Amino acid sequence: ILALKDNGGDLKVSPVSYDQIADLCIECIDYPNAARTTLTAMNVAPGQGEETYGPLLEQVQADTRDFPITLIDQHKQAVRQTVAKILIGATSIIALAILSLFL
């Protein structure tokens with residue numbers, strides 16, 4: 001079951017497939033009101049959303065709040081930091097495994 005929030009609204013995080021996001025992007029073309037809108041898309045429990053994006057997109061309104069220009073930069077920085085932590089952790093595990101071969 002699909003759910004949307006416009007204006008960058010919050011929804012409880014849930015798995016969303018690439019196919020669902022692709023479908024949403026394509027359907028947005030048919031809804032001019034979805035232009036200049038920051039959408040949040042998630043899956044929700046039955047009774048809390050819709051089977052298709054159409055009824056949800058009909059209600060979408062353009063953003064009314066300003067998002068920081070640096071939002072993408074902040075996202076990229078967070079991803080870089082996470083990848084660095086993963087690499088450090090993996091390197092430590094590999095080093096310990098190699099060290100254990102010699103002990």
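Buried means under 20% relative accessible area, exposed over 50%, and partly exposed in between, with a 1.4 Å probe and protein chains only. The model is predicted: local features need pLDDT of at least 70, side-chain atom pairs count only at pLDDT 80 or more, and totals for chains, interfaces and linings use all residues. Residues are numbered from 1 along each chain as its sequence is written, and side-chain values use heavy atoms, with hydrogens and water left out.

View A. Arg36 has a positive phi of about 60° and sits in the loop between α1 and β2 (40-43). Helices (H or I, at least four residues) and strands (E, at least two) are DSSP runs, numbered from the N terminus. Arg36 is exposed, at 75% relative accessible area. Asn7 also has a positive phi of about 60°; its place is the loop between β1 and α1 (18-28), and Asn7 is buried at 18%. Most residues other than glycine have a negative phi.

View B. Arg65 lies in the loop between α2 and α3 and is partly exposed, with a relative accessible area of 42%. Beyond neighbours within four places in sequence, Arg65 is in contact (heavy atoms within 4.5 Å) with Asn7, Gly8 and Gly9. Gly8 is 57 residues from Arg65 along the chain, and their C-alpha atoms are separated by 8.8 Å.

**View C. The largest nonpolar core.** A nonpolar core is a set of buried Ala, Val, Leu, Ile, Met, Phe, Trp, Tyr and Cys residues joined through side-chain atoms within 4.5 Å. The largest one has ten residues: Leu2, Leu4, Leu24, Tyr31, Ala34, Ala41, Tyr53, Leu56, Leu57 and Val60. Two or more of these residues come from each of β1 (2-5) and α2 (54-57). Leaving out residues up to four places away in sequence, Leu4 touches Leu11, Leu24, Thr40, Ala41, Tyr53, Leu56, Leu57 and Val60.

**View D. Cys25 and Cys28.** The structure holds zero disulfides (pairs of cysteine sulfur atoms within 2.5 Å). The cysteine sulfur closest to that of Cys25 belongs to Cys28, at 6.4 Å, which is too far for a bond. Cys25 is partly exposed at 48% relative accessibility, and Cys28 is partly exposed at 22%.

**View E. Phe102 in helix α3.** Phe102 is found in helix α3 (residues 71-102). Its relative accessible area is 68%, and Phe102 therefore counts as exposed.
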